[in-house]
Amino acid sequence: ASAEVIAEAAKEKLKVSGAGGDIKITYGGYNLDDEGGDDYFAYANGTRISDTDPDIRLTKYDGEYLKFNDTETNKLTGIKRDVDGDGRVDGSDDYIVYNEVYIYDAYGNEIKLAYDPGFVGVGNISQIRGVDYVLAKIVDTDEVQVAPVTKKTLTNDSERNRDFAVPFIDDWKAQYVGDGSGGNLYLWNDDGYQGSIPITSSSYNVTDAAPDTFKDVYYIWVDLQSDGTLKAWMARKEEAADNSLVDGQSALGYAKVKVNTDGKSVVNELHFLSDIITLVRDESVSLDEEGYMADYTDKELSIQRESETVVASGQTLKSTKKPYNNFLKRQITVDSVGDSDIKITYGGYNLDDEGGDDYFAYANGTRISDTDPDIRLTKYDGEYLKFNDTETNKLTGIKRDVDGDGRVDGSDDYIVYNEVYIYDAYGNEIKLAYDPGFVGVGNISQIRGVDYVLAKIVDTDEVQVAPVTKKTLTNDSERNRDFAVPFIDDWKAQYVGDGSGGNLYLWNDDGYQGSIPITSSSYNVTDAAPDTFKDVYYIWVDLQSDGTLKAWMARKEEAADNSLVDGQSALGYAKVKVNTDGKSVVNELHFLSDIITLVRDESVSLDEEGYMADYTDKELSIQRESETVVASGQTLKSTKKPYNNFLKQTITMTVTGGEEKAPELEIVNEDEADKDMNLVLIGGPVANKLTE
């Protein structure tokens, strides 16, 4: 029983939550209304000011404010509520919550959001939080009453008849008898006919002219149309009294109301304000209203709409697909790491990190843009594309990040592949290739970061390469072992001569071994070397005009070990292509990868230093994958490295949910226990079979 209690307690304490969970991405979009056009700030007088204009500044007094306008519609827009929950705010039910920004305290970086419903007088209709309200009554210079409004349009009839009356408000029915110049509005309720209201073309607020049974309960306004139809709107007096707006008090879900009237019929100012919002310089501050954020940078104010999407760990977010195209420059993949970190993987098109733009070119050197439709998968194995750089015009390509700094521009970072072989167009298959550039025996080139020399051509389909040792010797006037320098392994060497010729003298631990005659045309001098040297090494030389001698050597044993046979694997590559004249000239020498199958409209990992291949509409793009890890909840600024590589705008990522995992614990007795288990002994005595 004790063991059971302890096991359950241990499971609860050791439980891990969040591992492999979903990732919530929160981002902002500058288009506040989603209805087209660009939203911008304008002063209340309507003068347009760009939302990056330095004149938009926080000023020191409460009262100056900025409005949101739309360039296309020129309508007042602003912070809207997503009523239908579709993630956008362009629906007919989506309404404005705030459309102005009040400057509250510049020194404290404080603002208030404001909504101006646009009331200018009694009887005006406007929308507040998605509901149509009428300004029912001006009580005083700092108090008004509003109420939800009921709107009706009545056609005209020629004579009074209850059968033609239509529903009006609550249990009331109404009929208009007259024409476009005037008439009467007849009213009935459940108690029968109640009376009429005389109507003229100038009638507006007709509450006092209504029957007592109607005007005791309702306000009513009318607008007679020239075609004889009568527009009427009503509000309940009780609801108007309940919705009394007093200057400085809260109302209708807003923190504060600003009211200023003439005390009779004209509204000078009516605004609904939020609580004070404190801005933080260079940070996004949530406005806590339908996911909007305010950015305050260098006294410039930007308000954007926050959107939110949840993706599963490991999901690829395509920069061309909604909603990711709102905030992504390019495709990324996000993974939750444990319960607190998020790993973001994205691609960068610059393959070499050395400036310029990488592009594909055919082997003959003709440049082809990496979005050119002529870059197509063709039907045979053999045609290939090279990577070039527009600025340096150097051969570039897929490089290995040897120093592990996340970039591939270091002196130790080397090219792994610099060509793309077309393998099978119908199967969307390619091979990556590396051309080291060998053209003949004695040539030096780099393979996977190591300098190799082409040591021997064995046959038309076989060559041998070996790591090379390079030395440069100065010239001396006479042979002297004391002036000999380390050459290769235990050998030392001295060059005696000048720029036209001389001798290369060689010593090892057994003493002087002999010399190699050198002329200005000397190159492969292996056969002229002493037997003790040429039995072990290949050697090539290049005499310089200043009398220095460049020499490079390779061990014959290593060359034999690195035999490259056409079609076989070698040096970490899946396949080698070898084509020579069988003597001294290399026609073709390439190192190839395994077959890579492209997927149309998808990124395929090339499994080599984080590169990806995109294959879309028969156009091929290869990009380098980068990876960054951020803590859950961290804000990623689109203007800061490395996030500016893949973000259009600032976003926040948070690990959410995730699988809860508890350790597997079981209770065993002495017959079930095993010495390979991790055991905790509960109770005693301990001198028993279980502890043994």
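Trainee: Which residue in β50 is the bridge partner of K471?

Mentor: The bridge partner of K471 in β50 is A551. Please keep in mind that this is a predicted model, in which local features need pLDDT of at least 70 and side-chain atom pairs count only at pLDDT 80 or more, whereas totals for chains, interfaces and linings use all residues. Residues are numbered from 1 along each chain as its sequence is written, and side-chain values use heavy atoms, with hydrogens and water left out. The strands are DSSP runs of E with at least two residues, numbered from the N terminus, and two of them pair if DSSP finds at least two bridges between them. Strand β50 spans residues 549-555 and pairs with β43 in the antiparallel sense over 5 bridges. Both belong to an open sheet of 3 strands, in the order β43-β50-β49 and with antiparallel pairing. Because β43 (469-473) and β49 (537-543) each have a single partner strand, they stand at the edges, and one side of each is left without a neighbour in the sheet. Neighbouring strands of this sheet are turned by 20° against each other on average, direction ignored, with axes taken as lines fitted to C-alpha atoms and angles running from 0 to 180 degrees between N-to-C directions.

Key: Helix = DSSP H or I, 4+ residues; strand = E, 2+ residues; numbered from the N terminus.
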